[in-house]
Amino acid sequence: MDEWQEIMSTTQLALEGIRVIDMTRVFAGPISAQILGDLGADVIKVERPGSGDEGRGYGLASVEGKDGKDLRQSGFFTASNRNKRSITVNHSKPEGQDILRALVKTADILIENYKVGDLKRFGLDYESLKAINPRLIYCSITGFGQTGPMAARAGYDGLFQASGGMMAVTGIPEGQPGAGPVKAGPSLVDFVTGHNSAIAILAALNHRNNTGEGQHIDMALLDSSVAMICHIMQDYLISGVQAERLGNGGNGGGPADLIHARDGMTYITAGSDAHWRRMSELMGQPELYADPRFDTNAKRAKINRAELIDIINVWSRQFTTEELQAKFDSVGIPAARYNDLAEVWEDPQVQHRGLRATIPHMWAAAGSVDLIGSPLAGMGATPATIRLAPPLIGEHTAEVLGELGYDAARIASLQEQAII
């Protein structure tokens, strides 16, 4: 038994015995189901026969298959579909609906992200499935929610970064070259919505443990996008004043920004008065602490922020990022070197935390695939684990149908009819 197998065989799983039907595509829904899978749930991903989840074709890179096989595993898909078994089912056909109902009878959770009312046409909505499994927790993830004037609209991450307020407070400050709102690089609204969905599902599981009752969860990307603005939006609700875009500036105290070194950049957060005193002394310019341009947080963080960062940069450019980090550490000022993507994986703390996980992948040319480790791996008794590589389209169809009692002849017949 190799090290990976030994770790997997001895790890306790928090959601062992919980079965999830994942009828989601693209990103927010798959992320939610993946979190449950990382925690030990048996996640069965339901895909379209032939094409599968359209997220398989998104992104800029794909896992290379053995002997030139097209795995249809983009980076986008690979990041959100580990620890799942894939089956293909045509749910528009009665025979496909029968398969899904049989699965529902064995399941604890169903997650779907179809348009509002779409699954009701096939008897796969919550009310219909509740009738055959009252303990079912059914999570619907849509752009705008199940009700309201925009409920029927499709929605993707970028739309909600624009409409929910994130882009209003992200980007280059007014008056500077390139000023204007900017979308965050990653699909953050999708990612956070996936996590919110997992939290809601876990809460619903606890409610079911107490009452025996399942429930429907209405999760919307819009809701998550507004909530994500958090303290900045709360400032607006209190003051009625639109926050300024600050570029790389912090949203709390100051100075907080990227500063330049001889060999790169470092981010500092010296936002309290105590931090600012230490910073001015560290720079050999203690008079800056009481300088009327910088003697309040508002002046350092907003009013005279650019002027202060220019002064700091004159000082910081004398040193390497390593030398700066040592200086900041010596006086307790929070700081971190700016890393590009390659440098992230060279960071000694990232390596220590095991955030790059290499697991076997029987279909990959390399025989394995590198994945991003789960932040939930630090649970003391039941850590999140990565046990299964992202699946091929329908890789486990025969296996799962066999568990439901379908024999080989019946499975072959369903394949001939393009039901699976």
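Helix 10 and helix 13 are oblique to each other, where oblique covers angles other than those under 35 degrees (roughly parallel), over 145 (roughly antiparallel) and 65 to 115 (roughly perpendicular). The model on screen is predicted, with local features requiring pLDDT of at least 70 and side-chain atom pairs counted only at pLDDT 80 or more, while totals for chains, interfaces and linings use all residues. Residues are numbered from 1 along each chain as its sequence is written, and side-chain values use heavy atoms, leaving out hydrogens and water.

**First stop: helix 10 and helix 13**

Select residues 273–282 for helix 10 and residues 321–331 for helix 13; their axes come within 10 Å and cross at roughly 130°. Axes are lines fitted to C-alpha atoms, for helices over the stretch in contact, and angles run from 0 to 180 degrees between N-to-C directions. Helices (H or I, at least four residues) and strands (E, at least two) are DSSP runs, numbered from the N terminus. Next, display Arg278, Met279 and Leu282 of helix 10 with Lys327, Phe328 and Val331 of helix 13, which make the contact (heavy atoms within 4.5 Å). Four of these contact residues are nonpolar, none is polar and two are charged. Here Ala, Val, Leu, Ile, Met, Phe, Trp, Tyr, Cys and Pro count as nonpolar, Asp, Glu, Lys and Arg as charged, and the others, Gly among them, as polar.

**Second stop: the sheet**

In which order do the six strands of the open sheet stand? The order is 3-2-1-4-5-8, and the pairing is parallel; two strands pair if DSSP finds at least two bridges between them. Select 84–88 and 215–220: strand 3 and strand 8 are the edges, each with a single partner strand, so one side of each has no neighbour in the sheet. Neighbouring strands of this sheet are turned by 20° against each other on average, direction ignored. Now select residues 19–23 and 109–112, where four bridges join strand 1 to strand 4. Within strand 4, Ile109 is the bridge partner of Val20.

Select residues 188–211: helix 7 lies across strand 4, strand 5 (137–142) and strand 8, and runs at about 165° to strand 8.
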